[in-house]
Amino acid sequence: MKFLLYVLLALVVVPLQTTLLHYVDILGIRPDLGLVAACLVGFLGGELDGLILGLLLGYSQDMLSAEDLWVNVVTKGGAGFLAGLAGRHMAHITPAVLTVGLAIISCLSSGVFLYSMGPASLEEIWMGVRSTVLLQAAFDAAIGAGLYMVFRRRWSDDRMVTEGAL
């Protein structure tokens, strides 16, 4: 049942990411819904669920986009797995912790993309971090926090003990 839900989520998120969100950006940065979905499922469902959904979303996104093959598979699968590990080892997942964790994982994922572009100098790396990586992380964390707030009744469990912490 979960696998069918993840396939359905991939069928909704990837076309939404590649079509509608192509026109929504702030300072040239678009939210990465696949990364947000993989991290939320990883945090709340565990590392295996986050890994499976991340791999599925990354593979679908790589097949439908003209970017480098396997970069999205590696980053989204790794992000889901990392979020699942973080969620498993935290005693209490609050919305604030979820938001900060999502921002950190988004920074790591954007760092992989930045590295794959092959920057020529340290100055280019610093400019990429300032202009893209940090903004992308803030955008992804805000989208993740918003999605959590919308669906928190459905996702809340005994680990979410401080609901008003965000």
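Select Ser109 first: setting aside neighbours within four places in sequence, Ser109 is in contact with Leu35 and Thr75, where contact means heavy atoms within 4.5 Å. The model is predicted, so local features need pLDDT of at least 70 and side-chain atom pairs count only at pLDDT 80 or more, while totals for chains, interfaces and linings use all residues. Residues are numbered from 1 along each chain as its sequence is written, and side-chain values use heavy atoms, with hydrogens and water left out.

Ser109 lies in helix H5; helices (H or I, at least four residues) and strands (E, at least two) are DSSP runs numbered from the N terminus. Ser109 counts as buried, at 5% relative accessibility. Buried means under 20% relative accessible area, exposed over 50%, and partly exposed in between, with a 1.4 Å probe and protein chains only.

**Lys76 and Asp32**

Stay on Lys76, which is buried with a relative accessible area of 0%. Which residue forms a salt bridge with Lys76? The partner is Asp32, with the closest N and O atoms 3.1 Å apart. A salt bridge here is a side-chain nitrogen of Lys or Arg within 4 Å of a carboxyl oxygen of Asp or Glu. Asp32 lies in the loop between H1 and H2 and Lys76 in helix H4, so the pair ties together parts that are 44 residues apart in sequence. Asp32 is also buried, with a relative accessible area of 12%.

**Helix H4**

Colour its buried residues, among them Val71, Asn72, Val73, Thr75, Lys76, Gly77 and Ala79. Further along, the buried residues of H4 include Gly80, Ala83, Gly84 and Gly87. Showing H2, H3 and H5 as well brings up elements that are included in what covers these buried residues.

**The other salt bridges**

The structure holds three salt bridges. For the next one, select Glu47 and Arg88, whose side chains meet at 2.9 Å, N to O. Glu47 lies in helix H3 and Arg88 in helix H4, so this pair ties together parts that are 41 residues apart in sequence. Are its two ends buried or exposed? Glu47 counts as buried at 16% relative accessibility, whereas Arg88 counts as exposed at 54%.

Then go to Lys2 and Asp49, which form a salt bridge with the closest N and O atoms 2.8 Å apart. Lys2 is in helix H1 (residues 2–18) and Asp49 in helix H3, and the pair links distant parts of the chain, 47 residues apart. Asp49 is buried, with a relative accessible area of 10%.

Apart from neighbours within four places in sequence, Leu98 is in contact with Leu40, Phe43, Leu44, Ile93 and Tyr148.

From Phe43, move to Met90: their C-alpha atoms are 9.6 Å apart in space, and the residues are 47 apart in sequence. Met90 lies in the loop between H4 and H5 and is partly exposed, with a relative accessible area of 28%.

**The aromatic pair**

Which aromatic pair is left to visit? Select Tyr59 and Trp70, a tilted pair at 6.4 Å centre to centre with 40 degrees between the planes. Rings of Phe, Tyr and Trp (its six-membered ring) pair if their centres lie within 6.5 Å; planes under 30 degrees apart count as stacked, over 60 as edge-to-face and the rest as tilted. A search of the whole structure finds one such pair. Tyr59 lies in helix H3 (residues 47–64) and Trp70 in the loop between H3 and helix H4 (71–89), so the pair ties together parts eleven residues apart in sequence. Tyr59 is partly exposed at 43% relative accessible area, and Trp70 is partly exposed at 48%.
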